[in-house]
Every structure is written in structure tokens, then in C-alpha cells.
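Hi,

Here is the structure I promised to pass on. Have a look at it first, and then read on for what turned up when I went through it.

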Amino acid sequence: MMDNLDGRVAVVTGAASGIGLAFTERFVSEGMRVVMGDIDEAALAREATRLEAAGADVVGVLTDVRDPSSVEALRDQALSSFGSIHVVCNNAGVAPAGPMVETTPADWRWVVDVNVLGVAHGVSAFGPLLVEQGEGHIVNTASEAGLVTNDFIGVYCATKHAVVGLSESLWREVHPQGVGVSCLCPSFVNTRIFESQRNRDDGADIRPNEAAVLAPLREVIEATGLPPSAAADAVVDAIRADRFWVFTHEFTPGLAAARHADIEAGRNPTDPYAVLLGGLETTEDSGDT
Ligand SMILES: NC(=O)c1ccc[n+]([C@@H]2O[C@H](COP(=O)([O-])OP(=O)(O)OC[C@H]3O[C@@H](n4cnc5c(N)ncnc54)[C@H](O)[C@@H]3O)[C@@H](O)[C@H]2O)c1
């Protein structure tokens with residue numbers, strides 16, 4: 001539906017860093033005008049200024065996706081700057097880590113507000129416009145963690161499962177009306193996602209173990225994570241092909257299949273990553289149900 005991106009307008013949340021910044025850069029290279037929304041005012045100003053100096057048609061709008069009126073203001077600013085909107089990327093997200101039994105109500109609220117309601121606010125603010133024009137594409141950034149589960153990032157997993165679910169339902173509703181929906185489920189991409197506490201402003205205490213839990217995750221993401229441009233390339237392909245599922249890593253569907261095999265067999269959760277690496281006993285093999 002959206003095979004020609006040249007001259008179109010994209011709105012990206014979480015655009016000042018990582019995957020959202022890579023979306024912005026790739027869209028600009030396709031000849032699009034881009035409205036960049038982010039809560040990090042300094043990074044947003046820096047990146048928007050850098051891109052503008054290089055000739056890009058971008059606008060930075062300070063946005064907090066937790067606040068529906070802020071997301072509506074992002075939409076209104078996009079319309080007043082560029083007159084129309086074609087692609088909306090609900091991408092801003094945060095990823096604290098730690099045992100679920102140590103997770104406080106304030107932790108839950110922050111992550112659900114950004115990762116779930118942030119996407120929902122984007123759907124509410126931009127969806128009616130795209131449906132009315134009978135054209136457009138919504139990209140929701142979920143995660144591989146929205147298809148499988150992990151210990152120590154349980155809150156994040158829960159929110160990303162919600163993004164997958166809401167995106168599938170959204171596709172069913174708006175695709176027949178001419179609006180595409182893609183659900184991006186990245187595995188490790190080398191960004192600042194495991195430094196999300198920089199985006200937290202509710203004054204809550206950081207869990208004492210959080211740094212220790214995040215340290216190895218940061219090491220893995222830095223050592224093995226794909227460049228963010230890989231996620232942007234996959235998303236542009238998906239928009240052009242009108243494809244719902246977007247993966248950065250070939251093994252992700254296999255991990256999802258391993259989880260679904262547990263569900264079909266009615267057995268306790270296997271570690272899908274152990275199955276992926278092979279040679280490790282699954283719960284079925286071990287007879288542990
Ligand atoms: N990097 C990975 O390995 C990976 C894997 C799976 C999914 N994701 C998802 O990709 C998305 C982008 O994350 P990233 O990896 O680029 O991390 P990142 O930390 O580099 O970028 C996230 C951006 O979101 C912004 N943000 C945070 N809270 C916000 C709020 N309330 N309102 C507006 N903006 C806010 C941050 O300022 C930052 O610019 C997230 O949804 C993340 O969960 C990342």
C-alpha cells in the first residue's frame with residue numbers, strides 16, 4: 001500500500017536514540033519528512049539539529065508518550081508542519097530489569113505507561129486520521145520479548161506481549177480500511193535500551209540489584225547487538241511489502257515456535273534460548289512437567 005515513501009510524512013516516537021533515530025535516518029534517506037518525538041529534550045535537539053544541518057526535513061517535538069495530550073500535540077505539530085501524516089512509529093520504550101517479586105507498583109506503572117499506554121496513545125491519536133484518509137501505516141515496536149518470556153525482565157516481557165496483542169487486533173480492524181500495521185519484534189540491537197533509567201522522572205528509588213542485573217545484558221547487547229539501522233531496514237521493507245511481522249533476527253520465529261510447542265503440549269515453560277542453542281534438555285526430554 002505504501003510502496004512509494006518519497007515525499008511522505010513519518011512520525012516517530014523515541015526518535016532521539018537507537019532504533020527510533022535509525023528509523024528517522026532511513027526515512028529521511030527515502031525522501032520522507034519526519035517528525036521526531038522524544039522525552040529526552042537535549043538528545044532530541046542535538047539529533048534534530050544534526051539531521052537538519054545535513055539537509056533533512058525534520059522537526060523535533062518534545063513528547064511524553066505516557067501523556068495522551070502530549071501525543072495529540074505531536075500529531076497536531078506534525079500536521080501543522082507538514083500538512084499530512086502517512087507513517088506512524090510507536091517506538092518509545094524502556095527496559096528496567098530485576099526479579100518480579102522485587103518489582104514495586106511504581107516500577108510497573110512506569111513501564112506499563114511508556115511501553116503499553118505509549119503505543120495505545122499513538123493508536124488513539126493517529127489511528128482515526130489514517131483510517132479517515134484510507135491510507136497509511138502504523139509500526140508498533142514490540143520485542144522478541146513479546147513472543148517469548150525471560151526471567152529478570154518480566155515486566156518488560158508483559159508489556160511487550162501487550163504490544164503484540166494490541167497490534168494484531170489493530171491489524172484486523174484497520175487493514176481492511178486501507179491502513180497497514182507492522183509489529184517490530186527485535187532481538188538484541190545495540191542501543192541504550194538497558195540505560196532506560198535515564199528516562200525515569202517519577203522520583204522512585206531504583207532497585208538496588210538493578211545495575212547488577214543489567215550489567216550482563218549491556219555486555220551482550222554491546223557485543224552481539226545488530227546496528228539499529230538493521231531494524232530500520234527491516235521496517236522499511238515491511239512497510240513496502242505491507243507485512244505485519246518484522247524480525248531483526250532469523251531465529252526469533254523459532255523461539256516463538258518453541259514456546260508454542262510448550263503451550264500445545266501443556267507443559268511447563270521450557271527455556272526457548274536453550275532449545276535454540278541446541279543440545280540442552282527441554283522440559284519434555286527431562287520428563288519435568
Ligand atoms: N535494543 C534492543 O535490543 C531492543 C530489542 C527489542 C525491542 N526494543 C524496543 O525498541 C524500542 C526503542 O528502544 P531502543 O532500543 O532504541 O532504546 P533507546 O533507549 O536507545 O531509545 C529509546 C528512546 O525512547 C525515549 N523515551 C523513553 N521514554 C519516553 C517517553 N515517556 N516518551 C517519549 N520518549 C521516551 C528515550 O528518550 C529514547 O530516546 C523500545 O520500545 C524497545 O523496547 C529494543
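Let me start with W110, which sits in helix α4 (residues 105-133). Keep in mind that this is a predicted model. W110 counts as buried because 22 other C-beta atoms lie within 10 Å, and the cut-off for that label is 20 or more. Once you set aside its neighbours within four places in sequence, W110 is in contact with V94, R200 and D202.

You will find E144 in the loop between β5 and α5, and with 22 other C-beta atoms within 10 Å it is buried. What does E144 touch, not counting residues up to four places away in sequence? The answer is C185, P186, S187, T252 and L255. For L255, the C-alpha to C-alpha separation from E144 is 8.6 Å, although the two are 111 residues apart along the chain.

The assignment for the chain gives domain 1 (9-249) and domain 2 (252-289). Their C-alpha centres lie 29 Å apart. Eight residues from domain 1 and seven residues from domain 2 take part in the contact. On the domain 1 side, the residues that touch domain 2 are four nonpolar, three polar and one charged.

Helix α7 (residues 228-241) has 14 residues, which at 1.5 Å a residue should span 20 Å; the end C-alpha atoms are 20 Å apart, so the length agrees. Its buried residues are P228, A231, A232, A234, V235, V236, A238 and I239. As for what covers them, the list includes α1 (18-29), β4 (87-90), β5 (136-141), β6 (179-185) and β7 (245-247).

Is α6 buried or largely in the open? Of its 15 residues the number buried is one, so α6 lies largely in the open.

Most residues other than glycine have a negative phi. D242, which follows α7, has a positive phi of about 55° although it is not a glycine. D242 lies in the loop between α7 and β7 and counts as partly exposed because it has 14 C-beta neighbours inside 10 Å. The other case is F152, with a positive phi of about 70°, and F152 is not a glycine either. Its place is in the loop between β5 and α5 (154-174). With 17 other C-beta atoms within 10 Å, F152 is partly exposed.

While you are around α5, G165 lies in that helix. G165 has 14 C-beta neighbours inside 10 Å, so it counts as partly exposed. G165 and G180 are 15 residues apart in sequence, with 16 Å between their C-alpha atoms.

Finally, the whole chain. It has ten helices and seven strands. The radius of gyration is 19 Å, close to the 19 Å that the globule rule gives for 289 residues, so the chain is as compact as a globular protein of that length. Along the principal axes, the C-alpha atoms fill a box of roughly 60 × 45 × 30 Å. Buried residues make up 43% of the 289 residues. Of the contacts with a separation of 6 or more, 71% are between residues 24 or more positions apart.

Cheers

Note on methods: Residues are numbered from 1 along each chain as its sequence is written. This is a predicted model: local features need pLDDT of at least 70, side-chain atom pairs count only at pLDDT 80 or more; totals for chains, interfaces and linings use all residues. Helices (H or I, at least four residues) and strands (E, at least two) are DSSP runs, numbered from the N terminus. The expected span of a helix is 1.5 Å times one less than its number of residues. A residue is buried if 20 or more other C-beta atoms lie within 10 Å of its own, exposed if 12 or fewer, and partly exposed in between; C-beta atoms are placed from the backbone. Two residues are in contact if their C-beta atoms, placed from the backbone, lie within 7 Å. Domain bounds come from an automatic or database domain assignment. Ala, Val, Leu, Ile, Met, Phe, Trp, Tyr, Cys and Pro count as nonpolar, Asp, Glu, Lys and Arg as charged, and the others, Gly among them, as polar. The radius of gyration is taken over C-alpha atoms; the globule rule is 2.2 Å times the number of residues to the power 0.38.
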